[in-house]
Structure formats: structure tokens, C-alpha cells
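Good morning, colleagues. Please look at the structure on the screen while I take you through its ligands and then through some individual residues.

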Amino acid sequence: MNQRILNEIRELKAKRKAVILAHNYQPAEIQDLADFCGDSLGLSIKASKTDAETIVFCGVRFMAETAKILSPDKTVILPDRWAGCPMADMITAEQLRGLKQKYPGASVVCYVNSTAQVKAESDYCCTSANAVEVVNSLPRDQQIIFVPDQHLGKFIAEKTGRDLILWPGYCPTHILISEDDVKRARHVHPEAVVLAHPECSEPVKLLADVLLSTGQMLTFVKTSPAKQFIVATEVGMIHPLKKVRPDAEFIPAGTRGVCPNMKKITLEKVLASLTNLQYEVTVPEDIRLKAKKSLERMVEILPEK
Ligand code: 13P
Ligand code: SF4
């Protein structure tokens, strides 16, 4: 059954001159099918450079929108029209304009997990992989508004030693990973290194050995001598981690780190998306041009190795 779907996807992919991009949180079979898997930054760079005519984005809406903003001449499709990111929807462009009015001298840095409209209102965009570098690239005396993730914001503030004006957004998946989940996993695996995503709550981050974006986790485990890792992020991450370190054991921190939106993409939906070119993601041109500026600044600032 799967083999038939996979063959059909491959045929249609060639016919549509399509590339399939998948985020590290996607279901294993989608990651295995994709031409490129990665974190938000890696996927944005890939989307800006590909010469394919169609981009099938296996992820959530803001990721597909980012691809469209950077590659307006390509057809960008999201296999499930409802695959969104609740955190991205926690601030509207109107709310951000209100914040800018309150702090007129401030620069706005927005997390890539935001709508195109919010990106259009921002000066800089960043992902969890380059957020610290983006903020550090701004003058020390520059006041900065950071939206929408308060937890990533607190991580950046701590790393850069700067006061940021934060918005109370959060990832509903990452905040479900609790301190007790990490403590329990550590009790059973005392030798394990704890990897956590900066979107986690502050108590979880305090327990972690390292705080990394999903792409940085892959780089980290490649060279780490450890044999066991406790993973405090979305469970889909375990699949690519195992691929780069088949000899190591990866233990999820609890069972609740599941992003229901990332799991909406299925092989059947990818096939339907290529058959019918659905669901096309578009961005109004005036918004796209403004959002592109903040994204281009982001793509230029790479994380330090
Ligand atoms: P990364 O940028 O680390 O891939 O994270 C994206 C995301 O949605 C985290 O929840
Ligand atoms: Fe959004 Fe959280 Fe899902 Fe990432 S894991 S896409 S931040 S809801």
C-alpha cells in the first residue's frame, strides 16, 4: 500500500518538477520521503535556493508561507490546509502595531513562527538557530521587541544579556514537557545528556545540559561522546537523531511533546497535494515584499558553529 503511494508520489514529483521539504518534527515516513529535512532555518535557506517549480512543504503554514515569500515564482503547497502553528497565531499584525506604538524607538525581531503579516511589521526575523546572533547584530543600546515566543525570548535575553520587550506567546506542545518528565527520565538514565529546545519552559531549560534548535541537536549528537540523550522537544525529532547516531539511545522527555499540527501531514495527503496542487499557499504582494526584507536579514545571519 505504502509502496504504491510512494511510487505515485515519485512519478508526480518528477512531472511537477517538485521538491519535497520536511521539518524535523514530521512523521518518520514523511521525513524518509523528503528531498530535504531540516530545521526552520535550513528549510528557509533551501526554499530560497531551490530551482524546482513546485515546493511541497511538509510542515506547518508559516513554513510554507516563508518559502512563498522567498520564492514567489514557485508554486508552494501545504498538503493539509489546517496545519498551522498555534504559537504563530498568538500575535496579530494589529497587536504588533500596538506594541510598536507603545515603544516607538524599538526594533522588532520576530520569530519565524509568525504569520506573513507579522513578519511584514518586523525589522528582523530569526529562528531558534540564529536568534542570539540576530539580536547580537543590533547596537547594544537599541531597544528590541521580540515576538511571539516568550520562552525563546527569555533564552535570547539570557544569552545576550539584553532586556527584551516580550510578548506572552508560547508553544502549546513544548510547554507540556514538564520538569517532572525530565527528572523522571534522568532518574532512569542518569548518564544521559539532556537536550532541550529553547521553546521549553524555564524550569525545563534549567534542567537541560544544552539548549538547541532542532538542527543544532543533530550537529551536537554527531560529535558527542555520550551514548544516551534525553530529548525535550517534539517527539518527531527522535527519528532524525537516530539516523545520525544509530549507536545511541534517545529517550523522549515524557509522552506529551507531540505537535498535532506537524502530524497532520500523511503520505496520502502528500499524494493528493501533488495530484491536485493543493493547498496552494499565497501571500499578498505588498505583505510579501515587506516580510521578505525581515526574512532576508535572517537568512544572511547564520548561527555560530
Ligand atoms: P526549529 O527551528 O528548531 O526547527 O523549531 C521549529 C519549531 O516549530 C519548534 O517548535
Ligand atoms: Fe508551532 Fe510548537 Fe508545533 Fe513548533 S511544535 S509548529 S512552535 S505548535
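I begin with a definition: on a 1 Å grid over the protein atoms alone, a cavity is a set of points where a 1.4 Å probe fits but cannot get out. A molecule sits in a cavity if more than half of its atoms lie within 2 Å of its grid points. The largest cavity is the space taken by ligand 2.

Two remarks on the source are needed. This is a predicted model, in which local features need pLDDT of at least 70, side-chain atom pairs count only at pLDDT 80 or more, and totals for chains, interfaces and linings use all residues. Residues are numbered from 1 along each chain as its sequence is written, chains are lettered from A and ligands numbered from 1 in the order in which they are written, and side-chain values use heavy atoms, with hydrogens and water left out.

Which residues are around ligand 2? Among them are Tyr25, Cys85, Met87, Asn113, His174 and Glu199, where being around a molecule means having a heavy atom within 4 Å of it. This shell divides into eight nonpolar residues, two polar and one charged. Here Ala, Val, Leu, Ile, Met, Phe, Trp, Tyr, Cys and Pro count as nonpolar, Asp, Glu, Lys and Arg as charged, and the others, Gly among them, as polar.

Ligand 1 has around it residues including Tyr25, Asp39, Asn113, His174 and Glu199. A polar side-chain atom of His23 lies 2.6 Å from an oxygen atom of ligand 1. For His197 the corresponding distance to an oxygen atom of ligand 1 is 2.8 Å, and for Ser128 it is 3.1 Å.

I turn now to helix α8, which covers residues 150-160; helices are DSSP runs (H or I, at least four residues), numbered from the N terminus. A polar atom of the Thr160 side chain lies 2.8 Å from the backbone oxygen of Ile156.

Gln150 also lies in helix α8, and at 18% relative accessibility it counts as buried. The Gln150 side chain reaches the backbone oxygen of Pro168 at 3.3 Å.

Finally, Leu33 belongs to helix α2, residues 28-33. Leu33 is buried, with a relative accessible area of 10%.

Notes:
Helices (H or I, at least four residues) and strands (E, at least two) are DSSP runs, numbered from the N terminus. A polar contact is a pair of N or O atoms within 3.5 Å; within protein, one must be able to donate a hydrogen and the other to accept it, and residues adjacent in sequence count only if both atoms are side-chain atoms. On a 1 Å grid over the protein atoms alone, a cavity is a set of points where a 1.4 Å probe fits but cannot get out, and a pocket is an open set with protein on both sides within 12 Å along at least five of seven lines; lining residues have an atom within 4 Å of a point. Buried means under 20% relative accessible area, exposed over 50%, partly exposed in between (1.4 Å probe, protein chains only).
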